[in-house]
Amino acid sequence: MPELPELQAHAERLDERYAGAMLARFTPLTFTALKTAVPPATDAHGHDLVFVGRRGKYLLFDFGTLTFVVHLMQGGRIREEPPDKQPAKPKTGVARWTFDDGRALLLTEAGTERRAGVWAVGGDPEGQPPLEGLGPDADSVDPAHLLTLLHERPMRLHGWLRDQHGVAGLGRRLANEICHRAKLSPYVSTSKLSAADAEALVEAIHASINESLAYERGRDDMSSSADRPGSVHHREGDACPVCGDTIRAVEYRSYTIDYCPTCQTGGKVLADNTTSKFLK
Ligand SMILES: [Zn+2]
């Protein structure tokens with residue numbers, strides 16, 4: 001799933017190309033595309049796109065009167081459509097924004113999950129669904145703030161980083177990379193982390209996000225997950241670039257925890273989900 005850096009670079013590209021364009025119409029293409037009924041999406045018709053932004057793992061299309069908040073989930077993408085290539089029923093199409101200059105942006109979703117969606121939100125979207133309850137963006141907190149947030153919601157660190165309520169914008173890949181950079185076990189309880197750990201985590205968050213952002217900004221479109229930079233994510237069996245130990249993995253139904261025993265767990269190999277309660 002695209003995370004903060006991929007979405008940030010995506011928003012920047014779209015902003016550069018579409019800010020100032022007037023919306024002719026917004027068209028949901030599936031029954032589940034638009035998650036809100038009020039205000040009507042037509043409120044944005046005839047208004048200029050003020051900017052394309054990002055909050056957490058959401059894209060924001062701000063039309064002044066109304067903001068479209070878009071979640072791509074796993075397989076969603078925003079495709080650019082030139083004037084002569086806008087089929088009425090595009091394959092995998094979810095919703096379309098058509099501009100009065102003839103261009104359009106098409107939200108597509110690969111696969112059959114149908115979970116990508118659009119919220120039309122009046123006023124400041126912060127604090128309103130779907131952004132309601134999101135923690136601050138992961139790259140916006142200092143160590144003291146992060147330590148407070150970590151202690152507020154005691155969870156395993158890897159799960160906490162992915163949760164969106166503590167901090168927003170991180171997913172499975174960056175959680176793996178951040179735990180590795182901070183030299184912390186993915187299973188350590190956030191209630192046990194110290195000020196020094198919080199400092200290491202803030203450094204790791206910034207380094208991981210900046211590395212991905214630099215890569216992503218150098219591209220013309222969003223990367224696929226296999227291309228994204230990193231040291232441990234999906235690198236089970238490879239040598240750790242820091243210490244040379246073998247990267248290990250713990251498999252879960254919908255994600256994998258990848259880590260380096262020497263760097264992160266004092267050499268201990270983590271067991272699977274069912275026995276991990278015995279590990280400290
Ligand atoms: Zn290592």
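Trainee: Is M73 buried or exposed, and how do I read its relative accessible area?

Mentor: Buried means under 20% relative accessible area, exposed means over 50%, and partly exposed lies in between, all with a 1.4 Å probe and protein chains only. M73 has a relative accessible area of 14%, which means that M73 is buried. Before going on, note that this is a predicted model, in which local features need pLDDT of at least 70 and side-chain atom pairs count only at pLDDT 80 or more, while totals for chains, interfaces and linings use all residues. Residues are numbered from 1 along each chain as its sequence is written, and side-chain values use heavy atoms, with hydrogens and water left out.

Trainee: Where does M73 lie, and what is its phi?

Mentor: M73 belongs to the loop between β4 and β5 (76-81), where the element names come from DSSP runs numbered from the N terminus, a helix being H or I over at least four residues and a strand being E over at least two. Although M73 is not a glycine, its phi is positive, at about 50°. T92 also has a positive phi without being a glycine, with a value near 65°; T92 sits in the loop between β5 and β6 and is partly exposed, with a relative accessible area of 33%.

Trainee: Which peptide bonds are cis, and what is omega in them?

Mentor: The bond from V38 to P39 is cis, with omega near -5°, and P39 is placed in the loop between β1 and β2 (51-55). A cis peptide bond also joins P129 and P130, where omega is about 0°, and P130 is found in the loop between β8 and α2 (143-152).

Trainee: How many residues does the largest nonpolar core have, and which of them have the most contacts inside it?

Mentor: A nonpolar core is a set of buried Ala, Val, Leu, Ile, Met, Phe, Trp, Tyr and Cys residues joined through side-chain atoms within 4.5 Å. The largest one here has 29 residues, and F61, F68, I78 and W97 are those with the most contacts inside it. Two or more residues of this core come from each of α1 (4-18), β1 (23-28), β3 (58-62), β4 (66-71), β6 (93-99), β7 (104-109) and β8 (117-122).

Trainee: What does F68 contact beyond its neighbours within four places in sequence?

Mentor: Contact means heavy atoms within 4.5 Å. With those neighbours left aside, the partners of F68 include L23, F26, F61, W97, V118 and W119.

Trainee: Which residues coordinate the zinc ion, and why is the arrangement called tetrahedral?

Mentor: Donors are N, O and S atoms within 2.8 Å of the metal (3.2 Å for Na, K and Ca), and sites may look incomplete because water is not among the atoms. The SG atoms of C240, C243, C260 and C263 coordinate the zinc ion at 2.2 to 2.4 Å, and along the chain the donors follow the spacing C-x2-C-x16-C-x2-C. Four donors count as tetrahedral if all angles lie between 85 and 135 degrees; the four donor atoms here subtend angles of 96 to 114°, and therefore the arrangement is tetrahedral. C260 and C263 are both buried, C263 with a relative accessible area of 9%.

Trainee: Which residues does H158 touch, and which side chain does it join in a polar contact?

Mentor: H158, in helix α3 (residues 157-162), counts as buried because its relative accessibility is 1%. Not counting residues up to four places away in sequence, H158 touches R172, A175, N176, C179, P186, Y255 and I257. A polar contact is a pair of N or O atoms within 3.5 Å, where within protein one must be able to donate a hydrogen and the other to accept it, and residues adjacent in sequence count only if both atoms are side-chain atoms. Such a contact, of 2.9 Å, joins the side chains of H158 and N176.

Trainee: How far apart are the C-alpha atoms of H151 and S191?

Mentor: They are separated by 4.7 Å, although the residues are 40 apart along the chain. H151 is in helix α2 and is partly exposed, with a relative accessible area of 36%. Apart from its neighbours within four places in sequence, H151 is in contact with T190, S191 and L193.

Definitions and conventions:
Four donors count as tetrahedral if all angles lie between 85 and 135 degrees; four count as square planar and six as octahedral if opposite donors are over 155 degrees apart and all others between 65 and 115; anything else is irregular.
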